[in-house]
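Please look through the sequence and the model below before reading on, and keep the model in view while you follow the paragraphs.

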Amino acid sequence: MNLLPTLSTAFIVLSAILVAIGWRLIATNKRAAHRKVMIAAAISALLFFIIYMSRTIFLGNTSFGGPDELKIYYTIFLIFHITLATTGAIFGLVTLYLAFKRNIKKHRKIGPITSIIWFGSAITGVMVYFFLYVLYDGGETTSMLKAIFGF
Ligand code: HEM
């Protein structure tokens, strides 16, 4: 069943859409709405993370089911996506922290960078989902290290 990865990918997409809306809101100076929408984006990202981690811990990760000669490109792309998503999560936490500390000058500076990294991780996340479940059937579901490195 691909229910959990589909659900977690939907939450990444929702989170990126909310960040885009939140950006638009602050650009038009709607502060209270910006705050609400960005908190919703953070909750959506947290839901993604909870689903993703519980799947990884209890079920394991799915390995690439496409042709062997494409596996290396998939692996490089997956590592790129994981790096982007991890950076996005750290930037996201710092951006939220600065907002709640009312350090708005720094928050305004880092906010657009965080948002762009966020869009990048959502787009590459959807692409990983596409390679893994849509373009080909998912391979076996195994432990995280085996799914990433194949051993
Ligand atoms: C696109 C770039 C961003 C810009 C230009 C921006 C700008 C701002 C500004 C000017 C405020 C102050 C509003 C006020 O005076 O009440 C604010 C507040 C806030 N921002 Fe952002 N922001 C951005 C991105 C983000 C992101 C990515 C998040 C969350 C991950 C976020 C979460 C918040 C929160 C929670 C507040 C409310 C803080 C509070 O009232 O205690 N913002 N933002």
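**Following the helices**

Helix α3 (residues 71–100) has as its buried residues Y74, T75, F77, L78, H81, L84, G88, G92, T95, L98 and A99, where buried means under 20% relative accessible area, exposed means over 50% and partly exposed lies in between, computed with a 1.4 Å probe on protein chains only. An α-helix has 3.6 residues a turn, so residues three or four places apart point the same way. With its 30 residues, α3 reaches 43 Å from its first C-alpha to its last, close to the 44 Å expected at 1.5 Å a residue; the expected span is 1.5 Å times one less than the number of residues. Just after α3, R102 takes a positive phi of about 60°.

The model is predicted, so local features need pLDDT of at least 70 and side-chain atom pairs count only at pLDDT 80 or more, while totals for chains, interfaces and linings use all residues. Residues are numbered from 1 along each chain as its sequence is written, and side-chain values use heavy atoms, with hydrogens and water left out.

The C-alpha atoms fill a box of roughly 50 × 25 × 25 Å along the principal axes, and buried residues make up 37% of the 151 residues.

How do the helices pack against one another? Two packed helices are described by the angle between their axes and the distance between the axes. Axes are lines fitted to C-alpha atoms, for helices over the stretch in contact, and angles run from 0 to 180 degrees between N-to-C directions. Helix α1 (residues 3–27) and helix α2 (residues 31–58) pack at an angle of about 160°, with their axes 8 Å apart. That makes α1 roughly antiparallel to α2, a term used for angles over 145 degrees. The residues of this contact divide into 21 nonpolar, five polar and two charged, where Ala, Val, Leu, Ile, Met, Phe, Trp, Tyr, Cys and Pro count as nonpolar, Asp, Glu, Lys and Arg as charged, and the others, Gly among them, as polar.

The axes of α1 and helix α4 (residues 104–135) come within 9 Å and cross at roughly 155°, and that makes α1 roughly antiparallel to α4. The axes of α3 and α4 come within 8 Å and cross at roughly 150°, and these two helices are therefore roughly antiparallel to each other. In the contact of α3 with α4 there are 20 nonpolar, twelve polar and one charged residues.

Two serines show how residues separated in sequence can meet in space. S15, found in helix α1, is buried, with a relative accessible area of 1%, and its C-alpha lies 4.4 Å from that of A41, although S15 and A41 are 26 residues apart in sequence. S143 sits in the loop between β2 (141–142) and α5 (144–149) and counts as partly exposed at 46% relative accessibility. S143 and T56 are 87 residues apart in sequence and 7.4 Å apart in space, C-alpha to C-alpha.

Finally, an unreviewed UniProt entry places the feature "transmembrane region" at residues 6–26, 38–60, 72–100 and 112–136; such annotations may be inferred rather than shown by experiment. In the model, residues 38–60 are 91% helix and 0% strand, and residues 112–136 are 96% helix and 0% strand.

How values were computed. Helices (H or I, at least four residues) and strands (E, at least two) are DSSP runs, numbered from the N terminus. Angles under 35 degrees count as roughly parallel, over 145 as roughly antiparallel, 65 to 115 as roughly perpendicular and the rest as oblique.
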